[in-house]
Amino acid sequence: MKTYILDDSDDMWRHFAKLIGAVSWPAGKYLANEMLGGQVSDWERVIVLMDGDQLAGFCAVVREDIVKNTGYSPFIGFVFVSEDKRGHGLSQQLVKLAEEQIRQIGFHKAYIVTKHVGLYEKVGYEQIDNSVDQLGRKMRILAKNL
């Protein structure tokens with residue numbers, strides 16, 4: 001498994017955006033469009049796990065996630081593991097890689113927006129708030145001190 005930590009100046013940025021945009025999850029297409037449209041910048045990062053030439057998973061460190069104007073930042077968002085790679089702890093690996101990036105950037109807390117209960121709590125996240133996302137869905141906001 002090879003890890004790529006990407007910013008918008010990376011030579012592989014467009015290549016990985018296309019791979020991310022082709023996954024089954026609609027948020028992958030959204031992230032890919034953000035990447036290709038120059039909407040991921042500054043200290044934001046996209047983290048990709050590759051198994052040979054196959055996309056195994058990805059996530060992003062972003063200023064703002066699908067809930068807007070929360071006052072929280074940075075978020076670990078867009079956590080996705082390919083269907084055939086699930087059940088092997090890759091989502092937890094992605095989150096840990098994102099946390100390392102957040103620390104390196106200089107932040108001491110990370111946030112995650114999710115509907116899921118139990119997944120991120122396994123790696124130390126606790127619910128601190130509720131919000132409604134851009135699609136009108138009730139979401140949980142989780143946080144972890146790094």
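**Reading a predicted fold**

Visitor: What share of the protein chain counts as buried?
Guide: Of its 146 residues, 45% are buried, where buried means under 20% relative accessible area, exposed over 50% and partly exposed in between, with a 1.4 Å probe and protein chains only. This is a predicted model, where local features need pLDDT of at least 70, side-chain atom pairs count only at pLDDT 80 or more, and totals for chains, interfaces and linings use all residues. Residues are numbered from 1 along each chain as its sequence is written, and side-chain values use heavy atoms, leaving out hydrogens and water.

Visitor: What makes strand β3 mostly covered?
Guide: Eight of the nine residues in β3 (residues 54-62) are buried. Strands here are DSSP E runs of at least two residues, and helices are H or I runs of at least four, numbered from the N terminus.

Visitor: How do you know that β2 and β3 pair?
Guide: Pairing takes at least two DSSP bridges between two strands. Seven bridges join β2 (residues 45-51) to β3, and the two run antiparallel, so by that definition they pair. Met 50 stands opposite Leu 55 in β3.

Visitor: Which way do β3 and β4 pair?
Guide: In the antiparallel sense, over five bridges, with β4 covering residues 75-81. Here Val 61 stands opposite Ile 76 in β4.
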